[in-house]
Amino acid sequence: MNWNTDEELEQVLRGSLRRSAAPPDFAPKVLAKTRQPAGGSRMPWLRRPFTLALAAALMAVAIIPAVVLDHQRREAARGLKAKQDLLTALAITRDQLQHARNEVRKNTRIIQ
Amino acid sequence: MKNILMTGLLFSIAPVLFAQDFDFHTLDKLAAVAKSSTNVTLSGDMLKLAAGFLGSDNDKDAASIKAMVANMKGIYVRAYEFDKPGQYSESDVAPLRAYLKQPKWSAIMEVKDDGEWTQVFVLPTANGTKLGGLAVVSTEPTSLTVVYIDGSIDPADLEKLSGNMGIPEIKGLDGKLGNQKGDNKADKKTGK
Amino acid sequence: MEIDFAEIVAKNQSMVFSLALRFLRNREVAEELAQDVFLQCYRQLGQLEDAAHACSWLRRAICHRSIDELRKRRYRPAIGLDDIPEPAAAGGMPDLMMQDRLRSLVGELPEKARMVVVLRYQEDLLPGEIAELLDMPVSTVKSHLHRSLALLRGRLEKRGVTPVGLLRCEGRGSV
């Protein structure tokens, strides 16, 4: 037997496609979500100017000492290196002078 | 005729060329072939910074070095050691020697002995009472040392610093420059 | 007039959920999408005039969101109306599965045709209402309906599914 009219098929389709009931907890879930802030996991208070300013201030308090400390450390490292360079340079100069003086004395004694 | 003119031109230009500040560029390239090298360039703020780290003024040694450094404008050292002779040439040092031949510089010591050639120069100030600079050029077959101190310096004060402030005795018992490993590292052998 | 959102949800949850379910053929996704649409409605509550306006808004929203979701998730590939492969002849299927098979066949229709069929036979909307909802010409809606019915009929006949057999199954079984 064939489908002679669309009406028969349509009737069957209406039966097959009739509304399916929503899950029993569907409405409570929806209503519960309406009580949550918009944007899902993001907290709206996070966007408030005061909160942003506070966050910026906290970051500054946390970061600035680290930056200052880092600068001080670097300056200290530069200073220590410069000091070592200076001492090395003075030592080399002293030794060269002493050597030259000793050689001059040695040659003077020979001449004498 | 042309040669005479060229030579004359060169002699007239040379003082102008070398009247400028000490120029180490002909030496800096030697670091690439040297077994070890020491390169110190301290002037202006860096020199003050170094002096600031010398320790407290209660320390006598620190005080004497600080006093010495206070009158300096800069201190420059290039010291190289080579594996074998011939790795540098006199032409590398010639510009410096030519610079130090200017009338303003006075050679106070010169030693030529067994392949070694050491010259010590001072730069008297205008009134002649103090020194405005000190330069040492020392060459040996396998080593080369150049020191230039710009500013007021008394060589005697330097020699007094033996063993102080951790300034190492760089030279060995024979008075020659000992081995220096790496940049700005001095022999840790302490003096008297 | 202030709209009671809880009442809106209660009255329309089956419609919204079922439209998504019939179209997407996936319960979890349909539920998630339906919830999203209601939340969207909640946020725009101030712009809705009354309950009827909310209902039509919801219907329109779920249709478009379902089509978007299908394109995004790429469920079963949509089969063109002109090139449906002839399935192998099968023996008689149990009655309870008939309706599910029919729903499955609907689920194989191209997205626009599928939505037209679902709106027509689940919501009993007229072609003009469907055209307005889906932003398409009425003639296109009618064309979709005609061709979809022809297709479904042909496939059912191939399986030896008779109208009498299917009519007996009405009211039983669900996805």
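Me: How does helix 1 of chain C pass helix 3 of chain C, in a left-handed or a right-handed crossing?

Reply: In this predicted model, the crossing of helix 1 of chain C with helix 3 of chain C is right-handed. That name applies because the near helix is turned clockwise from the far one by less than a right angle.

Me: And how do you describe the direction of helix 1 of chain C relative to helix 3 of chain C: roughly parallel, roughly antiparallel, roughly perpendicular or oblique?

Reply: Let's set the angle against the cut-off. The axes of helix 1 (residues 5-24) and helix 3 (residues 51-73) of chain C cross at roughly 25 degrees. Angles under 35 degrees count as roughly parallel, so these two helices of chain C are roughly parallel to each other. Their axes also come within 10 Å.

Me: What makes up the contact of helix 1 of chain C with helix 3 of chain C?

Reply: From helix 1 of chain C come residues including Ile8(C), Met15(C), Leu19(C) and Phe23(C), and they meet a set in helix 3 of chain C that includes Ala54(C), Leu58(C), Ile62(C) and Leu70(C). By class, this contact has 14 nonpolar, two polar and two charged residues. Glu69(C) and Arg59(C) are in the contact on the helix 3 side, and both count as charged because Glu and Arg belong to that class.

Me: Which helix gives the largest share of the side of chain C that touches chain A?

Reply: The contact takes 38 residues from chain C and 28 from chain A. On the chain C side, helix 1 of chain C supplies the largest share, eleven residues. That side divides into 22 nonpolar, nine polar and seven charged residues.

Me: What makes up the pattern of chain A?

Reply: Chain A reads α-α-α along the sequence, with three helices and zero strands. Of its 112 residues, 23% count as buried.

Definitions and conventions:
Residues numbered from 1 in each chain as written. Chains lettered and ligands numbered in written order. Predicted model: local features only at pLDDT ≥ 70, side-chain atom pairs only at ≥ 80, totals over all residues. Helix = DSSP H or I, 4+ residues; strand = E, 2+ residues; numbered from the N terminus. Buried ≥ 20, exposed ≤ 12 C-beta atoms within 10 Å, placed from the backbone. Axes fitted to C-alpha atoms, helices over the stretch in contact; angles between N-to-C directions. Parallel < 35°, antiparallel > 145°, perpendicular 65-115°, else oblique. Contact = placed C-beta atoms within 7 Å.
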